[in-house]
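Welcome! Please take a moment to look over the sequence and the 3D view before reading on.

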Amino acid sequence: MSGEILIQQPGNSVVTDLGRTRGPRFGLPVNGALDQYSARAANILAGNLDNHPLVEITALDFRMKSTTDILIAVTGAPLTLTVGGRPSSQWEPVSVRAGETVSIRGIHRGLRAYLAIHGSIEAETLLGSVAPDTVVGFGLQLKEGTRLLTRKSVGPVRQPYFDLPLFRLGLDRPRMDSDLLVDVTDGPDVAEFGASGELLFTSEYAVSGRSNHIGLRLGGELPERTSSGEVLSRGVPVGAVEVPSREELLVLHRGRGVTAGYPVLAVVTSTGLDVLAQARPGDKVRFRKTTVAEATAAHRRSRAHLETLRESVNTVFGLLGIGCRPQWQDLPVAACS
Amino acid sequence: MSVLAAAPTEIYESGDSALRVVAISEAGEHNWLTVHGLADWLENCGAEGLHGAVPTYDSVLVEFDPILVSARQVRAFVKLGLLELGRSAGSATAPQEFDVPVVYGGEFGPDLERVAQHQGISVDEVIRLHTEKTYTVRCLGAPAGSPMMDGPAFPKPVPRLKDPRLSVPAGAVAVAGRQAVIAPASAPGGWCVIGQTPLSVLNIRREPLVPYKPGDILRFRQIRAEDFGQYHGVELEPQAMASADVDLEKSGAQP
């Protein structure tokens with residue numbers, strides 16, 4: 001049974017997924033959830049596929065109401081979550097009854113939260129992704145009164161199951177500090193910065209308020225390009241660290257234009273990009289040099305962690321009769337209790 | 001696109017999810033054919049974990065999922081692809097040709113006079129050089145699949161604006177360095193805008209989103225400012241048997 005979710009207070013929220021991986025070929029950035037770990041975790045906790053559409057909430061308070069019973073999971077930046085006025089936990093599946101209001105308030109450390117709904121939500125796709133692209137004017141930015149269609153309903157999940165420590169899954173919740181440590185590897189143009197490139201690792205940078213999903217601007221001591229001359233436009237990786245002006249360092253994130261003509265000093269690792277996704281204006285950033293092999297190993301460790309989570313969730317959902325498998329709702333109620 | 005043999009290349013690490021492959025022969029055309037041929041090959045090779053390739057002039061950014069494939073494996077794919085380029089006959093399709101009406105100067109091209117001054121030539125000469133050239137789309141770039149092209153035969157490279165504009169309208173026709181471009185969507189930009197086409201370049205309800213691809217041919221044609229409205233919103237389409245004027249009638253636009 002499908003239902004409807006009514007957005008009562010949108011704050012700054014969009015429907016997104018893990019991104020438009022086919023986009024760069026056609027000149028469109030990958031976009032998608034900036035904190036990929038938290039987005040994946042939310043979908044896993046809600047019993048969805050990792051790439052299912054979910055809601056990304058940036059900085060501001062958010063409220064919604066469902067016309068049917070649903071199951072949700074909220075991850076990302078720490079916040080105050082209430083369902084029908086009851087305090088509820090982040091990083092856990094949460095049962096919501098029809099008519100109850102889900103309220104997300106007080107994001108103050110970290111910047112972005114993710115709300116996944118079991119069965120996911122309907123949204124239009126472009127090149128296979130629902131992720132908004134602000135440049136081409138695509139995507140679902142939520143507004144007061146927006147109605148989202150949910151694909152599945154989940155009856156209230158009864159105690160005692162959620163009282164059991166089934167969901168104490170030992171999940172690594174990302175640390176959200178105002179002092180961020182971000183891993184980078186040498187960029188393809190590191191040689192163009194000579195010895196000044198080392199400044200990246202000895203200086204502390206402050207996140208500017210002019211940062212967004214396209215890139216973060218960081219103030220601090222800037223490495224300087226020693227070579228000069230016109231650079232032909234080239235494909236730039238997500239995570240590219242550039243020095244386009246004398247004022248700020250630019251770290252490109254998932255909304256970056258796919259081509260540019262600035263030399264790439266360093267590239268933020270996949271796990272480092274998740275850290276930057278949670279950086280607030282004024283936060284301090286330090287960079288640490290790593291290698292591609294180490295970065296890949298760290299990324300794989302973190303994903304293995306999510307795989308363990310998926311297994312635990314599948315086990316518990318199987319026990320409770322909640323699942324992604326088709327026709328699960330046709331199972332006799334007895335199987336769930 | 002195919003080449004007899006790939007140009008020599010260098011491969012650079014670009015983080016844990018991408019590699020940059022640069023073609024380093026002396027011949028720009030050969031480099032361009034090599035990186036686009038490689039991008040096409042990678043796109044079609046079916047290797048697991050490859051997201052895609054972004055080819056430009058002399059380089060291609062190869063993006064991959066480091067959970068499914070390692071940078072070392074992707075490097076091997078790239079080398080294989082470069083070898084294969086020399087072997088495959090290729091399936092080069094004939095380039096499409098596009099006619100792009102442009103209003104130069106004034107509110108449509110706020111940097112036209114600045115460019116003329118910097119080049120030390122007249123405004124008319126800038127327009128003549130810009131419309132005289134037949135452009136090959138070298139790659140699709142930012143924003144939104146912009147057609148990146150080698151620029152007109154100006155005496156010297158065009159410097160970028162010191163203060164990039166916060167918003168350049170869709171259809172802006174711009175030059176910078178030795179490059180030329182049309183902006184398919186409104187976006188910030190630091191290139192010098194010398195004109196604007198009234199045609200609609202980007203359509204997100206259609207795939208592909210932009211009608212041209214690397215290798216296609218573009219020509220700019222000057223129109224009068226009062227004719228801008230006549231073309232406004234008409235989609236840029238390849239020239240078939242019919243002329244642009246007939247296309248205009250078909251689309252129902254009123255003069």
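This is a predicted model: local features need pLDDT of at least 70, side-chain atom pairs count only at pLDDT 80 or more; totals for chains, interfaces and linings use all residues.

**Where the chains meet**

Let us begin with the interface. On one side, 45 residues of chain B take part, and they are in contact with 40 residues of chain A. Between them the chains bury about 3,600 Å², with 56% of that on carbon and sulfur atoms. Within chain B, the residues that lose the most area to chain A are B:Asp16, B:Arg20 and B:Ile67, which together make up 17% of what that side buries.

How many salt bridges does the rule find across the interface of chain B and chain A? There are 7 of them. The side chains of B:Glu43 and A:Arg25 meet in a salt bridge, at 3.4 Å from N to O. Polar contacts also cross the interface of chain B and chain A, where the rule finds 14 residue pairs, both residues at pLDDT 80 or more.

Several elements of chain B each supply at least two residues of the side that touches chain A, including helix H1 (28-44), strand S1 (9-13) and strand S6 (135-141). The largest share of that side, 4 residues, comes from S3(B). By kind, the residues of the side of chain B that touches chain A divide into 23 nonpolar, 12 polar and 10 charged.

**A helix with two sides**

Next comes helix H3 of chain B, which spans residues 112-119. Which of its residues are buried? They are B:Leu112, B:Val115, B:Ala116 and B:Gln119. Seen down the axis of H3(B), these buried residues fall within an arc of 100 degrees, so they line one face of the helix. In general, an α-helix has 3.6 residues a turn, so residues three or four places apart point the same way.

On the other side of H3(B), B:Glu113 and B:Gln117 are exposed. After H3(B) comes B:Gly120, with a positive phi near 70 degrees.

**A serine in a loop**

Now turn to chain A, where A:Ser120 sits in the loop between strand S10 (112-117) and strand S11 (140-141). Is A:Ser120 buried or exposed? Its relative accessibility is 0%, so A:Ser120 counts as buried. A polar atom of the A:Ser120 side chain lies 2.9 Å from the backbone oxygen of A:Pro53. Leaving aside neighbours within four places in sequence, the residues in contact with A:Ser120 include A:Asn48, A:His52, A:Leu149 and A:Arg151.

**Salt bridges within the chains**

Side chains of opposite charge can pair when their charged atoms come close. Over all chains, the count comes to 32 salt bridges by this rule. Here are three of them.

| Salt bridge | N to O distance |
|---|---|
| A:Arg175 and A:Asp177 | 2.4 Å |
| B:Arg114 and B:Asp111 | 2.8 Å |
| B:Asp227 and B:Arg224 | 3.1 Å |

The partners in the table can be described by their accessibility. A:Arg175 is exposed, with a relative accessible area of 71%, while A:Asp177 is partly exposed at 29%. B:Arg114 is partly exposed, with a relative accessible area of 46%, whereas B:Asp111 counts as buried at 0% relative accessibility. B:Asp227 is buried, with a relative accessible area of 17%.

Finally, A:Arg40, A:Asp50, A:Glu307 and A:Arg310 are linked in a network of salt bridges.

Notes. Residues are numbered from 1 along each chain as its sequence is written. Chains are lettered from A and ligands numbered from 1 in the order in which they are written. Side-chain values use heavy atoms; hydrogens and water are left out. Buried means under 20% relative accessible area, exposed over 50%, partly exposed in between (1.4 Å probe, protein chains only). The arc is that of the directions from the helix axis to the C-beta atoms. Contact means heavy atoms within 4.5 Å. Buried area is the accessible area (1.4 Å probe) that two parts lose on being put together, summed over both. A salt bridge is a side-chain nitrogen of Lys or Arg within 4 Å of a carboxyl oxygen of Asp or Glu. A polar contact is a pair of N or O atoms within 3.5 Å; within protein, one must be able to donate a hydrogen and the other to accept it, and residues adjacent in sequence count only if both atoms are side-chain atoms. Ala, Val, Leu, Ile, Met, Phe, Trp, Tyr, Cys and Pro count as nonpolar, Asp, Glu, Lys and Arg as charged, and the others, Gly among them, as polar.
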